[in-house]
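Please brief me on the structure shown below. I would like the fold, the packing and the confidence set out by topic.

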Amino acid sequence: MKLLSTTAALLVFLAPVSTTARSLGIFGSSQSPIQAQGKSVEGDNPLEYCSDPSSDILEIKSVNLTPNPPLPGKALVIKAEGTLHERIEDGAYVLLEVKYGLITLIRQEVNLCEQIVNVDLKCPLETGDMTLTKQVDLPKQIPPGRYTVHADVFTRDDERITCLEAHNIEFKGPF
């Protein structure tokens, strides 16, 4: 469950401020970095937009994961940059879904302002440029398999802040 909360918090983080990596995995050193498969978020990450981000309140400039791919039992550093075009107030929310293969592990609505404290922010989020760097210690034991994370983020008035996905994040067993 700790992995899921970390993943969710990271994706939520990527949404409101250039808000998570979020996708964490166990990878062998012979694998290449994880990358998005569709319209990618700029940077070294597996994120992609759910739809055309041109009208989103959050303009994500880049998200970088170090290391990419993440390694079990090691620190993952996430650096995100973006611009908020409107103030984000309490009542903003995230529709979050995490799947393990075809099995839905989490499908819930979460309060954005309650979650962003995990990345050292608080509501209201003011307009303007934002840069955030966050270190997350990854657990050594992550169940092997493929994960998908989807976060659709809205203001309290149901305006889209952003929508991000990470598909087929593969967690492999120990080597």
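Residues are numbered from 1 along each chain as its sequence is written, and side-chain values use heavy atoms, with hydrogens and water left out.

**Confidence**

- The mean pLDDT (the predictor's confidence in each residue, from 0 to 100) of the protein is 79, and 75% of its residues reach 70 or more.
- Helix α1 (residues 2-17) has the lowest confidence, with a mean of 44, while strand β1 (residues 48-49) has the highest, at 96.
- The pLDDT is below 50 over residues 13-37, a stretch with 128 contacts in the model beyond near neighbours in sequence; contact means heavy atoms within 4.5 Å.
- Residues 1-9 also stay under 50 in pLDDT, and the model gives them 17 contacts beyond four places in sequence.
- Where pLDDT is low, the predicted coordinates should not be read in detail.

**Overall make-up**

- The protein has two helices and eight strands; these are DSSP runs, with helices being H or I of at least four residues and strands E of at least two, numbered from the N terminus.
- From the N terminus on, the order of elements is α-β-β-β-β-β-α-β-β-β.
- Of the 175 residues in the protein, 49% are buried, where buried means under 20% relative accessible area, exposed over 50% and partly exposed in between (1.4 Å probe, protein chains only).
- The accessible surface is about 8,300 Å², and carbon and sulfur atoms account for 47% of it; areas come from the Shrake-Rupley method with a 1.4 Å probe.

**The β2-β3-β6 sheet**

- Three strands form an open sheet in the order β2-β3-β6, with antiparallel pairing; two strands pair if DSSP finds at least two bridges between them.
- The edge strands, each pairing on one side only, are β2 (58-66) and β6 (128-137).
- From one strand to the next, the twist averages 15°, with axes taken as lines fitted to C-alpha atoms and angles running from 0 to 180 degrees between N-to-C directions.
- Strand β3 (residues 75-84) pairs with β6 over 10 bridges in the antiparallel sense, and A80 stands opposite L132 in β6.

**Strands around β4**

- Strand β4 (residues 93-100) runs antiparallel to β7 and is joined to β7 by eight bridges.
- β4 also pairs with β5 in the antiparallel sense, over eight bridges.
- Y93 has F154 as its bridge partner in β7 and N111 as its bridge partner in β5.
- β4 and β5 form a hairpin with two residues between them, and G101 in the turn has a positive phi of about 65°.
- Seven of the 10 residues of β7 (residues 145-154) are buried, so this strand is largely enclosed by the rest of the structure.

**Nonpolar core**

- The largest nonpolar core has 36 residues, of which I88, L112 and I161 touch the most other members; such a core is a set of buried Ala, Val, Leu, Ile, Met, Phe, Trp, Tyr and Cys residues joined through side-chain atoms within 4.5 Å.
- β2, β3, β4, β5 (103-111), β6, β7 and β8 (160-171) each give two or more residues to this core.
- Not counting residues up to four places away in sequence, I88 touches I57, L112, C123, P124, L125, T155 and I161.

**A buried loop residue**

- I142 lies in the loop between β6 and β7, and I142 counts as buried because its relative accessibility is 5%.
- I142 and P72 are 70 residues apart along the chain, with their C-alpha atoms separated by 7.4 Å.

Key. Predicted model: local features only at pLDDT ≥ 70, side-chain atom pairs only at ≥ 80, totals over all residues.
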